[in-house]
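Please look over the sequence and the model below before reading on, and keep both at hand while the text moves from one part to the next.

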Amino acid sequence: MVSRDVLIQAEGLTKKFDDFVAVDHIDFEVHRGECVGFLGPNGAGKTTTVRMMYCFLPLTSGELKVAGLSVNNHCREIKSLVGVAPQEDNLDPDFTVLDNLLVYARYFDIPKDEALRRAKAQLKFFQLEEKSGTPILTLSTGMKRRLIFARALLNEPQILLLDEPTTGLDPQARHLVWDEVRYLKKQQVTIILTTHYMEEAQALCDRILIVDKGKIIEEGSPAELVKKHVGEEVLEVDFDEKLAVILKEALPGAHIERLGDRMQIFTDQPHGVFEGFLKEHKLQNVTIRNANLEDVFLKLTGRGLREE
Ligand SMILES: Nc1ncnc2c1ncn2[C@@H]1O[C@H](COP(=O)(O)OP(=O)(O)OP(=O)(O)O)[C@@H](O)[C@H]1O
Ligand SMILES: [Mg+2]
């Protein structure tokens, strides 16, 4: 049973860069042991929000508390409780893999022996043992991401901020990260995760906040969001205007979306409705699949690319 302690609380949280509002009066709460996903298009304000949580960026207005402490005047305490895997690579290029971890551990006053024990355990878990003595510059992109995650765990944080932790990882490494996140959730670690992988959000997050243009536009568990916005199943078939009309008549309330030469049909009817339709109408090149979070994301945030 997840306790309802509020570990992160934002009220009217706002960040402006000159006149540009990157985070626009958002309110949210994160409870102990929850994994909350921030999903949103490029430039939505996810990284900016996460950065305010660990005092990397000051707020423009509003309130933000982490573990009950205001980020405005308790940065030291907050930093000791939080583990951060930032979106950017901020590893120290002058040090080796192991030394990056050991130097980082010093900020938390972890005794040397203990720091070495933890660093070695993390390198082992993230399969970086062999790279222990090598300089950062010679690591591959995915290895750097793994090291950044490993580093975030060194102070055994109660709160973990993961900004796109699996971008650039191969499938094996991604599953390693997922395993670790699941393990940490069992330990009641509170996790904020941003990701562009909807499958990842669906697999790991208890709750999702969809952000767009600095605002939270929707919130719920992955299953709730899918059910509410796209129903249970999606029918995909080659685009055909006549067929679209027939579908609309046969399935009242269905929502049809054209994607190039294909179309997707969403309905709030339960499983089986498309199968019924296909028994009456023989179609080629047709698929019925379960609705998913990516459908929700595209429906709520649109299909156009976000340009900065
Ligand atoms: N230091 C800064 N100075 C000026 N503008 C900034 C700064 N940091 C972020 N922005 C702007 O704020 C907006 C939000 O950026 P942010 O990095 O939070 O987006 P994001 O949701 O993390 O996007 P992505 O998915 O691409 O990582 C963008 O328009 C970005 O250009
Ligand atoms: Mg970002």
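What is shown is a predicted model, and its chain is built from 11 helices and 14 strands. Computed along the principal axes, the C-alpha trace spans about 70 × 45 × 40 Å, and 36% of the 308 residues count as buried. Among the contacts with a separation of 6 or more, 68% are between residues 24 or more positions apart.

One sheet to begin with is an open one of four strands, in the order β2-β1-β4-β5, with antiparallel pairing. Because β2 (20–31) and β5 (69–70) each have a single partner strand, they stand at the edges, and one side of each is left without a neighbour in the sheet. Helix α1 packs on this sheet, where it touches β1, β2 and β4 (61–66), and its direction makes about 120° with that of β1. Strand β1 (residues 6–17) is joined to β2 by eight bridges in the antiparallel sense, and within this pairing L13 has I26 of β2 as its bridge partner. Towards β4, strand β1 has five bridges, again antiparallel, and here T14 stands opposite S61. Strands β4 and β5 run antiparallel and are joined by two bridges, with L69 of β5 as the bridge partner of V66. The hairpin of β4 and β5 has two residues between the strands, and in it A67 takes a positive phi near 50°.

Is V21 buried, exposed or partly exposed? It has 16 C-beta neighbours inside 10 Å, and therefore V21 counts as partly exposed. Leaving aside residues up to four places away in sequence, V21 touches T14, K16 and G214. The C-alpha atom of V21 is separated by 20 Å from that of L300, a residue 279 places apart from V21 along the chain.

Another open sheet of four strands has the order β12-β13-β11-β14, and its pairing is antiparallel. Its edge strands are β12 (255–259) and β14 (287–290), each of which pairs on one side only. On average, and with direction ignored, neighbouring strands of this sheet are turned by 25° against each other. Within the sheet, strand β11 (residues 233–238) pairs with strand β13 (residues 262–266) over five antiparallel bridges, and R262 in β13 is the bridge partner of D238. Helix α9 (residues 241–250) lies across β11, β12 and β13, and it runs at about 160° to β12.

A parallel arrangement is found around strand β8 (residues 190–194). Strand β3 (residues 35–39) runs parallel to β8 and is joined to it by four bridges, with G37 opposite L193. Strand β7 also runs parallel to β8, through five bridges, and there L160 stands opposite I191. Since five of the five residues of β8 are buried, this strand is largely enclosed by the rest of the structure. In a regular strand the side chains alternate between the two faces of the sheet. In β8 both faces are covered, with T190, I192 and T194 buried on one side and I191 and L193 buried on the other.Helix α5 is another mostly covered element, as nine of its 12 residues are buried. The buried residues of α5 are M143, R145, R146, L147, I148, F149, A150, R151 and A152, and what covers them includes β6 (82–85), α3 (97–106), α4 (112–125), β7 (159–163) and α6 (171–186). The length of α5 (residues 141–152) can be checked as well: at 1.5 Å a residue its 12 residues should span 16 Å, which agrees with the 17 Å between its end C-alpha atoms.

The last stop is ligand 1. Which of the 12 residues around ligand 1 come nearest? They are F17, A22, N42, T47 and T48. By class, the shell around ligand 1 is made up of three nonpolar, seven polar and two charged residues. Helix α1 (residues 46–53) gives the most to this shell, with three residues, and α1 is also the helix that packs on the sheet containing β1, β2 and β4.

How values were computed:
Residues numbered from 1 in each chain as written. Chains lettered and ligands numbered in written order. Predicted model: local features only at pLDDT ≥ 70, side-chain atom pairs only at ≥ 80, totals over all residues. Near = placed C-beta within 6 Å. Nonpolar A, V, L, I, M, F, W, Y, C, P; charged D, E, K, R; others polar. Buried ≥ 20, exposed ≤ 12 C-beta atoms within 10 Å, placed from the backbone. Contact = placed C-beta atoms within 7 Å. Pairing = 2+ DSSP bridges. Axes fitted to C-alpha atoms, helices over the stretch in contact; angles between N-to-C directions. Expected span 1.5 Å × (residues − 1).
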